[in-house]
Amino acid sequence: MQTPADLIVILATGGTIAGTSRSATDGVGYTAAQLRVEDLLAAIPGLAHRRLEAHQLAQLDSKDMDFATWQRLATAVQAQLDRPAVGGVVITHGTDTLEETAYFLHRVLAPIKPVVLTAAMRPATALAADGPQNLLDAVQVASAPGAAGVVVAFAGRVHDATQVRKTHSYRVDAFESTDGALVARVEEGSVRLLGRWPQGDALGLARIARPVQDWPRVDIVMNHAGQDGRIVHALLSAGVDGIVAAGTGNGTLSVALDAALREAEARSVRVLRSTRCDAGPVMALPGLLPSAGALSPLKARIELILSLLAA
Ligand code: SIN
């Protein structure tokens, strides 16, 4: 008899969701990435009877997320998805770079099964910790009929990896799909589909197999009042493979930054133009530096890294 693919695998990487504080009323003076995944699950009675398997993949504050952890995570996620018994994967993560990890996994794996990232704004010891509900919701999303692709389940909302951004430094609903529809909402354990589950063409694990010390160096440079392009010359001196410009408005650049970036291009550095605005695409116009389309500067940087890895 065929067993249903109803096993949900949880891969823990740290973050505030696993953070602890000395006082239950201290929502900011805490240390992230302290509790193990078993402790997080034990705090959620609603998960006691679910078919779950949990692994501690990393234990870090996501501001310290790095290429080596991304490489290990993508490989581990793929290995779990390849198991016939596995219906989906949940990843616990810090909020700070969650949108980057989500986009990275989306581009590399573009999975048919659901991969659901979740996190928390308050440590596990807080009076009203948000992590347990978010983790419970993430398991519901990973088990939802028809669920697919890389999404973020946070504060009752399900975001597409391509859209999601952390937009608030403190609020419990800190994430938005800034330039598109929500995928779904989670309401009392039910997943109500509002849009479409993400789809894409997987670049594949072979694309990221190179030792991480050989991954391309891509930096982000912002346009702002008084931007004189000096930072680009510093990057060229230090050595850089790609530069994402977080331009003003429709990806516009000061005369000096535009000139410096064209000089970088002439020196074989790949350049993409995005916008420092919170939402909206950058139109590709003839004669201008290449556009990053609707990608945020952070996601354009990942796109450029993955593109340079193909070279
Ligand atoms: C982190 O990103 O690991 C710390 C902050 C958070 O999770 O909210």
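Which residue has a backbone N or O atom 2.6 Å from an oxygen atom of the ligand? Select Ser62 to find it.

Before going further, note that this is a predicted model, with local features needing pLDDT of at least 70, side-chain atom pairs counting only at pLDDT 80 or more, and totals for chains, interfaces and linings using all residues. Residues are numbered from 1 along each chain as its sequence is written, and side-chain values use heavy atoms, leaving out hydrogens and water.

**Stop one: the ligand**

Show the residues around the ligand (a heavy atom within 4 Å of it): Gly15, Thr16, Tyr30, Asp61, Ser62, Gly94, Thr95, Asp96 and Ala120. Now look for polar contacts (pairs of N or O atoms within 3.5 Å). In the side chain of Thr95, an N or O atom is 2.5 Å from a ligand oxygen, and a polar side-chain atom of Asp61 lies 3.2 Å from a ligand oxygen. The protein buries 95% of the 250 Å² that the ligand exposes when taken alone (Shrake-Rupley method, 1.4 Å probe).

**Stop two: two helices**

Next, select α3 (residues 98-109) and α7 (residues 297-309), DSSP runs of H or I with at least four residues. Their axes, lines fitted to C-alpha atoms over the stretch in contact, come within 10 Å and cross at roughly 35 degrees, on a scale from 0 to 180 degrees between N-to-C directions.

Finally, display the side of α3 with Glu99, Glu100, Tyr103, Phe104, Arg107 and Val108, which meet Leu298, Lys299, Arg301, Ile302, Glu303 and Leu306 in α7 (heavy atoms within 4.5 Å).

Key:
Polar contact = N/O pair within 3.5 Å; in protein donor to acceptor, adjacent residues only side chain to side chain.
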